[in-house]
Amino acid sequence: MTAKDIIKITINLVVIYLIGGSILAFVYANASPRVFRNNEETEKKALKELVPDADANEKHEWSSHEKHAKYFIMKKGGETIGYVIQSFGKGYSSYINTFIATDKDFRVQKINILGHGETPGLGDEIETDWFRNQFKDKSIDHLKVIKGDTKEDIQAISGATISSRAVTEDAVKNGVAFLMKTVNQPAAAAEQEGGHTDVKH
Amino acid sequence: MSSTNTSLKELVLNGIVKENTIFKLALSLCPSIAVTNSLKNGIYMGFAVLFVQVMVNLTISLMRNVIHPKVRLPIFMLVISGWVTVTQLLMAAFVPDVYAKVGLYIALIVAFASILARAEMFASKNSFLPSMADGLGMGIGFLFALTTISFFRELLGKGSLTVPTGLASQHTFTFINTKPLLIMVLPAGGFLAVGILMALFNWINARYAAKAAAH
């Protein structure tokens with residue numbers, strides 16, 4: 001290789017790097033604000049679907065499986081009506097990104113699977129309505145997976161017990177447990193008592 | 001003028017039939033198995049590859065006289081990964097719903113044998129119009145292959161077809177409510193589908209060629 005070749009190769013690579021780099025920088029600068037807005041909108045839509053009654057929410061952050069996650073205190077007219085928490089479950093071939101809505105007594109109301117990479121045809125049934133609807137009104141004690149018929153607990157998807165467990169006993173259960181531990185307990189307890197005294201009167 | 005037109009048309013057809021990436025050259029089989037368990041994924045992936053293939057061929061053919069032959073492969077890789085990243089960013093920004101589903105596989109396009117092969121064998125030796133026609137043909141051929149494979153896999157494996165009705169919307173037609181042949185959506189079914197369709201494609205081609213020869 002002559003000195004001329006070396007110079008030519010160097011110029012070749014430098015020019016390509018510079019041109020490629022500036023094209024990428026330009027596209028990134030234009031695309032990233034849109035990506036950010038899209039994510040915000042997806043989140044807003046997900047919250048609206050999970051707790052349609054809420055008119056405001058308070059956003060907090062936590063971590064699930066060392067991933068960055070969020071939780072929201074859902075409010076209506078200034079009163080807390082429930083919580084939504086994002087949580088990850090370690091599944092068969094992926095982390096399952098789950099949004100869980102609970103009422104203010106931490107009973108699960110609805111769950112949504114936002115993203116996963118489970119086996120198509122088997123594990124991806126965690127997205128189906130029949131599986132997700134089982135979570136309605138379940139308290140933390142009933143968040144366990146049973147193989148076979150059950151009304152009390154969560155029935156496993158046949159052929160996808162690991163994915164069912166990951167959603168139920170990892171994502172949802174840990175999310176709800178975190179909420180119960182973290183969210184202002186005395187306030188929730190006081191509200192409950194208030195409810196009881198109302199009944200007495 | 002008419003001779004260049006026919007040759008461009010031939011170049012496009014060449015990529016679709018004679019040198020179909022999957023059915024004839026048997027290149028890029030890995031993604032063709034990974035993403036084809038539903039029709040919509042196959043179609044979205046096909047379009048992403050079509051775009052990258054055309055842009056890469058175009059770029060390489062424009063640069064072919066200034067690239068030093070000793071560093072041509074690193075430069076091809078840089079161009080390909082650059083265009084893949086652009087595709088990824090644009091999809092995330094403008095079609096987030098599609099990106100959420102196939103985003104993971106888009107990055108894989110960087111390692112597609114078919115794209116690197118066309119850059120090396122065709123675009124680096126031809127001017128930009130034939131190169132674009134070649135990229136278009138190869139891309140459409142790939143899109144066609146992914147569409148047929150995913151059509152049969154989803155239909156047989158899930159009993160349904162998910163058709164994209166727009167950039168962000170889709171509709172699922174369910175024909176059979178059980179899963180008739182679950183293996184077809186699992187990885188093993190991917191091999192079966194690719195193999196059977198490849199045989200079918202070549203059989204039809206051979207018959208067609210025999211008929212043309214007889215006349």
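1. Helix 3 of chain B (residues 39-63) has 25 residues, which at 1.5 Å a residue should span 36 Å; its end C-alpha atoms are 36 Å apart, in agreement. The expected span of a helix is 1.5 Å times one less than its number of residues. Helices (H or I, at least four residues) and strands (E, at least two) are DSSP runs, numbered from the N terminus. Of the 25 residues of this helix, 19 are buried, so helix 3 of chain B is largely enclosed by the rest of the structure. A residue is buried if 20 or more other C-beta atoms lie within 10 Å of its own, exposed if 12 or fewer, and partly exposed in between, with C-beta atoms placed from the backbone.

2. On the model: this is a predicted model, in which local features need pLDDT of at least 70 and side-chain atom pairs count only at pLDDT 80 or more, while totals for chains, interfaces and linings use all residues. Residues are numbered from 1 along each chain as its sequence is written, and chains are lettered from A and ligands numbered from 1 in the order in which they are written.

3. Chain B contains eight helices and two strands. From the N terminus the order of elements is α-α-α-α-α-α-α-β-β-α. A compact globule of 215 residues would have a radius of gyration near 17 Å, and chain B agrees with 18 Å. That radius is taken over C-alpha atoms, and the globule rule is 2.2 Å times the number of residues to the power 0.38. The C-alpha trace of chain B spans about 60 × 55 × 30 Å along its principal axes. Of the 215 residues in chain B, 41% are buried. Among contacts in chain B with a separation of 6 or more, 75% are between residues 24 or more positions apart; two residues are in contact if their C-beta atoms, placed from the backbone, lie within 7 Å.

4. Helix 7 of chain B (residues 128-158) was checked for length as well. Its 31 residues should span 45 Å at 1.5 Å a residue, and the end C-alpha atoms are 43 Å apart, which agrees. Gly159(B) follows helix 7 of chain B and has a positive phi, near 70°.

5. The two strands of chain B, strand 1 (residues 160-164) and strand 2, pair in the antiparallel sense over five bridges. Strands count as paired if DSSP finds at least two bridges between them. Ser160(B) has Thr174(B) in strand 2 of chain B as its bridge partner. None of the five residues of strand 2 (residues 170-174) of chain B is buried, so this strand lies largely in the open.

6. Most residues other than glycine have a negative phi. Ser28(B) is not a glycine, yet its phi is positive, about 55°. Ser28(B) lies in the loop between helix 1 (2-18) and helix 2 (29-34) of chain B, and is buried, with 23 other C-beta atoms within 10 Å. His65(A), also other than glycine, has a positive phi near 50°. His65(A) sits in the loop between strand 1 and strand 2 of chain A and counts as partly exposed, with 13 C-beta neighbours inside 10 Å.

7. Val110(B) is in the loop between helix 5 (96-106) and helix 6 (113-123) of chain B. With 17 other C-beta atoms within 10 Å, Val110(B) is partly exposed. Leaving out residues up to four places away in sequence, Val110(B) touches Ile80(B), Ser81(B) and Val84(B).

8. In chain A, five strands form an open antiparallel sheet in the order 1-2-3-4-5. Strand 1 (56-64) and strand 5 (108-115) of chain A are at the edges with a single partner strand each, so one side of each has no neighbour in the sheet. Neighbouring strands of this sheet are turned by 20° against each other on average, direction ignored. Strand 3 (residues 79-90) and strand 4 (residues 95-103) of chain A run antiparallel and are joined by nine bridges; the partner of Val84(A) in strand 4 of chain A is Ala101(A).

9. Helix 1 of chain A lies across strand 1, strand 2 (67-76), strand 3, strand 4 and strand 5 of chain A, at about 155° to strand 5 of chain A. Helix 3 (residues 161-182) of chain A lies across strand 1, strand 2, strand 3, strand 4 and strand 5 of chain A, at about 140° to strand 3 of chain A. Axes are lines fitted to C-alpha atoms, for helices over the stretch in contact, and angles run from 0 to 180 degrees between N-to-C directions.

10. At the interface, 19 residues of chain A are in contact with 22 residues of chain B. Helix 1 (residues 3-50) of chain A gives the most to the side of chain A that touches chain B, with 15 residues. The residues of that side divide into 10 nonpolar, seven polar and two charged. Ala, Val, Leu, Ile, Met, Phe, Trp, Tyr, Cys and Pro count as nonpolar, Asp, Glu, Lys and Arg as charged, and the others, Gly among them, as polar.
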